[in-house]
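Biologist: I have a model open and would like to learn how to read it. Can we go through its features one by one?

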Amino acid sequence: MSAAPDREALAAYALALGDDALILAQRLGEWVSRAPQLEEDVALANIALDLLGQARTLLTYAGELEGAGRDEDDLAYLRDDRDFRNVQLVEIPNGDFAVTIARQLVFSAYQYELYTALESSRDTTLAGLAGKAVKEVAYHRDHATQWTLRLGDGTDLSRARMQAGLDRVWPYTEELVDPIDPGAEVQGIVVDPATLRPAWALYVTSVLMEAGVDVPEPSWRSRGGRDGLHAEHLGHLLAEMQHLHRSHPGVTW
Amino acid sequence: MSAAESRGNAEGRSSDESRAALLAAARAVPDPELPVLSLGDLGVIRDVRVTGDGTVEVDITPTYTGCPATAVIADDVRAALRRAGAGQIRVSTVLAPAWTTDWMSETGRRKLREYGIAPPGSAAHATEGPVKLAFSARCPHCGSADTREVSHFGSTPCKALWTCRSCAEPFDSFKAI
């Protein structure tokens, strides 16, 4: 590499991806003991665990790049909502099972394309994580696909619930593939999400067509998650996630 | 050929032998979740090196990024190396190349089957090509291939839940990744 990569831009990129994974892991964890079937309890917990593992690697790396001595725990537990860079999609409440499945479908299909592209990053940490995580995410995407087909192609009630779930999450999907301009220094290191749009949209819409549900056409779209603008939901989520660590700094067990 | 091997040549035979003994000690550690398997069977010990000052460096690759057993594995490896005579020990987690079930030894596959867990099929078949082929897992209890997957996800990140149509027993199957 001729020029040193822009550490600040790379740190921000790793932080954004790590925050997506961390916040969705926390949301999915809320399903434990509440899912409609025991198998789904186990499945959603497993998916959350994979995402948490990805978040740990990404936040640790973001902290190293930042060079201010913050580790994964500092970044997860000691930032306030305006410092989080996740898309709003991952922070909205779980809703019913169909809302969660709709979100899983769009998010895992996005992550699948993202990690596939990141595997050829010039950055060995990002490429290493992507090569590992894409295998896990293939299972997440298949899980969401199977449920979307089952609900969409099921009874009138299950189809209506699946459609309502998609309608709920759709305004938040555009944020995932908004273009970024990270600067020339990180060319070939980070992936511009806009380049993922064709493959992502093709996958998701073909699943929806097969499931017999409509691609929603929302009248508004979310913005600003990557700049630290969040709905009130994130604050509540962080209160629960960070409470123990903030009440007992440095606690271990 | 790892860097450790080339360094070992310069330091003479005894250092090669000590590295081999340490590698064997690390590989013999049982997996905390599946004690029937050793870490060597699982293929997660990627390298053991002895540095100039005698520090033993171990590279471990996790099966899944979020697998909670990873921390326990690191602790168990440290303890085993200490018993094998190592002083300073540094354990690193390496993600690339990504762990694949294709690294699991034949012995490991046999032990899994005997333990009641269907061993993984070929990861290459499950993830490559235009049509993703997921082969049916063979029931570890009765050997029947007439089985079905109940859930992609099981009691640990590396396993899926299956059930056998022939003997009606549920069983875990190691996911091919």
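**Reading the model**

Modeller: Start with overall shape. A compact globule of 253 residues would have a radius of gyration near 18 Å, and chain A has 18 Å, which agrees. That radius is taken over C-alpha atoms, and the globule rule is 2.2 Å times the number of residues to the power 0.38. Along its principal axes, the C-alpha trace of chain A spans about 55 × 45 × 35 Å.

Modeller: A word on the source. This is a predicted model, where local features need pLDDT of at least 70, side-chain atom pairs count only at pLDDT 80 or more, and totals for chains, interfaces and linings use all residues. Residues are numbered from 1 along each chain as its sequence is written, while chains are lettered from A and ligands numbered from 1 in the order in which they are written.

Biologist: How many helices and strands are there in chain A?

Modeller: Helices (H or I, at least four residues) and strands (E, at least two) are DSSP runs, numbered from the N terminus. Chain A has eight helices and zero strands.

Biologist: What percentage of chain A is buried?

Modeller: Count neighbours. A residue is buried with 20 or more other C-beta atoms within 10 Å of its own, exposed with 12 or fewer, and partly exposed in between; C-beta atoms are placed from the backbone. In chain A, 46% of the 253 residues are buried.

Biologist: Where is Gly29(A) found?

Modeller: Gly29(A) belongs to helix α1 (residues 7-29) of chain A. Gly29(A) has 17 other C-beta atoms within 10 Å, so it is partly exposed. Between Gly29(A) and Leu15(A) there are 21 Å, C-alpha to C-alpha, at a separation of 14 residues in sequence.

Biologist: Which residues does Gly29(A) contact, leaving aside neighbours within four places in sequence?

Modeller: Two residues are in contact if their C-beta atoms, placed from the backbone, lie within 7 Å. On that basis Gly29(A) touches Ala45(A) and Ala48(A). Now the whole chain: among contacts in chain A between residues at least 6 apart in sequence, 75% join residues at least 24 apart.

Biologist: What describes two packed helices?

Modeller: The angle between their axes and the distance between the axes. Axes are lines fitted to C-alpha atoms, for helices over the stretch in contact, and angles run from 0 to 180 degrees between N-to-C directions. Take α4 (residues 97-118) and α7 (residues 197-211) of chain A: the angle is about 145° and the axes are 9 Å apart. Residues of α4(A), among them Leu105(A) and Tyr110(A), meet residues of α7(A) including Trp200(A) and Val204(A). By class, this contact has nine nonpolar, no polar and one charged residues. Ala, Val, Leu, Ile, Met, Phe, Trp, Tyr, Cys and Pro count as nonpolar, Asp, Glu, Lys and Arg as charged, and the others, Gly among them, as polar.

Biologist: How many residues of each chain take part in the contact of chain A with chain B?

Modeller: Chain A gives 23 residues and chain B gives 17 residues. The side of chain B that touches chain A has eleven nonpolar, six polar and no charged residues.

Biologist: What backbone geometry do most residues have?

Modeller: Most residues other than glycine have a negative phi, and most peptide bonds are trans. Ser33(A) has a positive phi, near 80°. Ser33(A) sits in the loop between α1 and α2 (38-66) of chain A. Ser33(A) is exposed, because 8 other C-beta atoms lie within 10 Å. In chain B, the peptide bond from Ala96(B) to Pro97(B) is cis, with omega near -5°.
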